[in-house]
Amino acid sequence: MNGKMNLGLVALAGLFVAGCVVIPSNRTDAAHGQRLFTDKCAVCHGSRGEGAGVASLGLGAPPPSLRTLSERNGGTFPEAYVMAMIDGYDRRDQRHAAMPEFGAEGMGPIIRVENGDSVQFIPSDLLALTEYLRTLQNS
């Protein structure tokens with residue numbers, strides 16, 4: 001994770017700490033993520049994340065395949081990058097600017113995620129979508 005994305009996620013999390021609640025695990029699992037993907041993402045990214053959804057036709061180029069994220073990242077799923085792209089924080093001037101800033105819509109209740117010595121506060125739907133995209137990987 002590069003410092004800029006990490007700082008962005010930490011800043012985002014800081015805004016929502018006050019709203020932290022306990023969320024059932026089925027709110028952050030891949031099955032919930034699949035439902036969210038079908039509702040919000042498949043129209044551009046295709047039903048299986050191939051990057052050829054019907055709404056992507058007018059973009060000039062199809063969105064990249066979401067099935068090869070790990071492959072394009074040396075075999076490691078780029079979790080922080082995926083969350084940053086979905087959320088939309090700090091990507092207005094990037095080539096991905098055509099993608100909506102889903103974080104601006106709200107991405108579900110904020111939950112506390114512990115990872116070793118660090119703690120992050122992340123919206124539950126953002127975690128669920130990330131988990132679903134992890135399951136789509138070809139490798």
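**Threonine 28**

I started with threonine 28, which I found in the loop between α1 and α2. I'm working from a predicted model, so I keep that in mind for everything below. Is threonine 28 buried or exposed? At 19% relative accessibility it counts as buried, because the cut-off for buried is under 20%. I then listed what threonine 28 touches, skipping residues up to four places away in sequence: Ile111, Ser124, Leu127, Ala128 and Glu131.

**The whole chain**

Next I zoomed out. I noted 5 helices and 2 strands in the chain. Reading along the sequence, I wrote the pattern down as α-α-α-α-β-β-α. The chain has 139 residues, and 40% of them count as buried. The chain exposes about 7900 Å², with carbon and sulfur atoms supplying 54% of that area. I also looked up contacts with a separation of 6 or more: residues 24 or more positions apart account for 49% of them.

**Salt bridges**

How many salt bridges does a search of the whole structure find? I got 5. I went through some of them one at a time.

I took aspartate 125 and arginine 27 to begin with. Their side chains meet in a salt bridge, 2.9 Å from N to O. Aspartate 125 lies in helix α5 (residues 124–135), while arginine 27 is in the loop between α1 (3–16) and α2 (30–40), so the pair ties together parts that are 98 residues apart in sequence. Aspartate 125 counts as buried at 10% relative accessibility, whereas arginine 27 is partly exposed with a relative accessible area of 27%.

Then I turned to lysine 40, which forms a salt bridge with glutamate 105; the closest N and O atoms are 3.2 Å apart. Where do the two partners sit? Lysine 40 is in helix α2 and glutamate 105 is in the loop between α4 (79–87) and β1 (110–115), so this pair ties together parts 65 residues apart in sequence. Lysine 40 is partly exposed, at a relative accessible area of 39%.

Arginine 134 came next. I found it in a salt bridge with glutamate 79, with the closest N and O atoms 2.4 Å apart. Arginine 134 belongs to helix α5 and glutamate 79 to helix α4, so here two helices are tied together by residues 55 positions apart in sequence. I put both partners down as partly exposed: arginine 134 has a relative accessible area of 32%, and glutamate 79 comes in at 34%.

Together with Glu131 they are linked in a network of salt bridges.

**Aromatic pair**

Phenylalanine 37 and tyrosine 132 form it, with 5.4 Å centre to centre and 50° between the planes, and I logged it as tilted. Why tilted? Planes under 30 degrees apart would count as stacked and over 60 as edge-to-face, so the rest are tilted. The pair links distant parts of the chain: phenylalanine 37 is in helix α2 and tyrosine 132 in helix α5, 95 residues apart.

**Nonpolar patch**

Back on the surface, I looked for nonpolar patches. Val43, Val54 and Leu57 make one of about 320 Å². I followed up on leucine 57, which I found in the loop between α3 (42–45) and α4. Leucine 57 counts as exposed, at 70% relative accessibility.

**Proline 100**

Last, I looked up proline 100. It is found in the loop between α4 and β1, and I noted it as partly exposed with a relative accessible area of 42%. How far is proline 100 from cysteine 41, in sequence and in space? I got 59 residues along the sequence and 9.7 Å in space, C-alpha to C-alpha.

Conventions
Residues numbered from 1 in each chain as written. Predicted model: local features only at pLDDT ≥ 70, side-chain atom pairs only at ≥ 80, totals over all residues. Heavy atoms only, no water. Salt bridge = Lys/Arg side-chain N within 4 Å of Asp/Glu carboxyl O. Helix = DSSP H or I, 4+ residues; strand = E, 2+ residues; numbered from the N terminus. Buried < 20%, exposed > 50% of the residue type's maximum accessible area, 1.4 Å probe, protein only. Patch = residues over 30% accessible without salt bridge, like charges linked within 9 Å, V, L, I, M, F, W, Y side chains within 5 Å. Areas by Shrake-Rupley, 256 points an atom, 1.4 Å probe, with all protein chains shown as cover. Phe/Tyr/Trp six-rings, centres within 6.5 Å; stacked < 30°, edge-to-face > 60°. Contact = heavy atoms within 4.5 Å.
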